[in-house]
Amino acid sequence: MANILRLASLSVFFFFIIYSPLFSNALSDCNGPCRDLNDCSGQLICIDGKCNDDPDVGTHICRGSSPSPPTGNCQPSGSLQCQGQIYPTYKCSPPVTSSTKAKLTNNDFSQGGAGGGPSECDEQYHSNSERIVALSTGWYNGGSRCEKMIRIKASNGKNVTAKVVDECDSMRGCDEEHAYQPPCKNNIVDASDAVWSALELNKDVGIVDVTWSMA
């Protein structure tokens with residue numbers, strides 16, 4: 001009788017080991033199933049039911065494993081060495097909204113100027129008296145915004161519309177075509193003198209925070 005009770009007790013014990021959630025808390029690795037971040041190992045978080053890198057932390061533990069869920073973050077696609085420095089390269093830019101945050105820079109669109117080759121949209125050089133801009137590669141979007149108007153707003157309350165005529169290349173640079181300048185960052189609106197003047201900004205500052213949207 002004692003042996004029967006002992007065997008029954010052991011059966012109950014093993015049943016709880018196998019089926020109790022207290023003992024079934026194995027953590028998931030990349031793309032493993034999850035319900036919340038506590039189900040994922042290390043710095044991974046739960047995104048759409050699968051463990052993956054935390055875009056806010058910037059980890060790349062799951063890089064190379066597939067599939068990676070889409071995020072709103074634009075990560076570098078590579079790097080380029082230029083003038084002894086390493087610069088990140090980007091195929092993407094932040095999502096375009098009704099008030100997209102950007103960095104305004106100054107570009108010379110004229111022939112022989114610091115802007116390099118002719119504008120990509122029309123293969124022409126332009127006068128800096130025109131209200132024109134070049135957009136980072138992701139925003140340029142393969143030329144889909146060529147000849148379209150955007151509205152740029154400065155923190156001083158001024159705003160202006162300008163035409164997209166060129167790409168501010170976020171993938172390439174440091175060559176004659178790009179006036180030996182490094183690749184653009186992925187959030188650049190590179191504007192002519194006329195745009196800076198209309199916004200009543202001093203181009204000698206070099207870079208200014210603005211927002212932009214499609215006009």
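**Burial and pairing of side chains**

Guide: With 3% relative accessibility, Thr100 counts as buried, where buried means under 20% relative accessible area, exposed over 50% and partly exposed in between (1.4 Å probe, protein chains only). This is a predicted model, in which local features need pLDDT of at least 70, side-chain atom pairs count only at pLDDT 80 or more, and totals for chains, interfaces and linings use all residues. Residues are numbered from 1 along each chain as its sequence is written, and side-chain values use heavy atoms, with hydrogens and water left out.

Visitor: Which strand holds Thr100?

Guide: Helices (H or I, at least four residues) and strands (E, at least two) are DSSP runs, numbered from the N terminus. Residues 100–106 form the strand in which Thr100 has its place, and that strand is E5.

Visitor: Which residues does Thr100 touch, not counting residues up to four places away in sequence?

Guide: Contact means heavy atoms within 4.5 Å. By that rule, and without residues up to four places away in sequence, Thr100 touches Pro95, Trp139, Val210, Thr211 and Trp212.

Visitor: Are the planes of the rings of Trp139 and Trp212 stacked or edge-to-face?

Guide: The structure holds one aromatic pair. Rings of Phe, Tyr and Trp (its six-membered ring) pair if their centres lie within 6.5 Å; planes under 30 degrees apart count as stacked, over 60 as edge-to-face and the rest as tilted. The centres of the rings of Trp139 and Trp212 are 5.3 Å apart and their planes stand at 70°, so the pair is edge-to-face.

Visitor: Is Trp212 buried or exposed?

Guide: Trp139 lies in helix H2 and Trp212 in strand E10, 73 residues apart. Trp139 counts as buried at 1% relative accessibility. The relative accessible area of Trp212 is 1%, so Trp212 is buried.

Visitor: How many residues apart in sequence are the parts that Lys103 and Asp209 tie together?

Guide: A salt bridge is a side-chain nitrogen of Lys or Arg within 4 Å of a carboxyl oxygen of Asp or Glu. Lys103 and Asp209 form one, with their closest N and O atoms 2.5 Å apart. Because Lys103 lies in strand E5 and Asp209 in strand E10, the pair ties together parts whose separation in sequence is 106 residues.

Visitor: Is Glu200 buried or exposed?

Guide: Glu200 forms a salt bridge with Lys158, the closest N and O atoms lying 3.6 Å apart. Lys158 is partly exposed, at 33% relative accessible area. For Glu200 the relative accessible area is 56%, so Glu200 is exposed.
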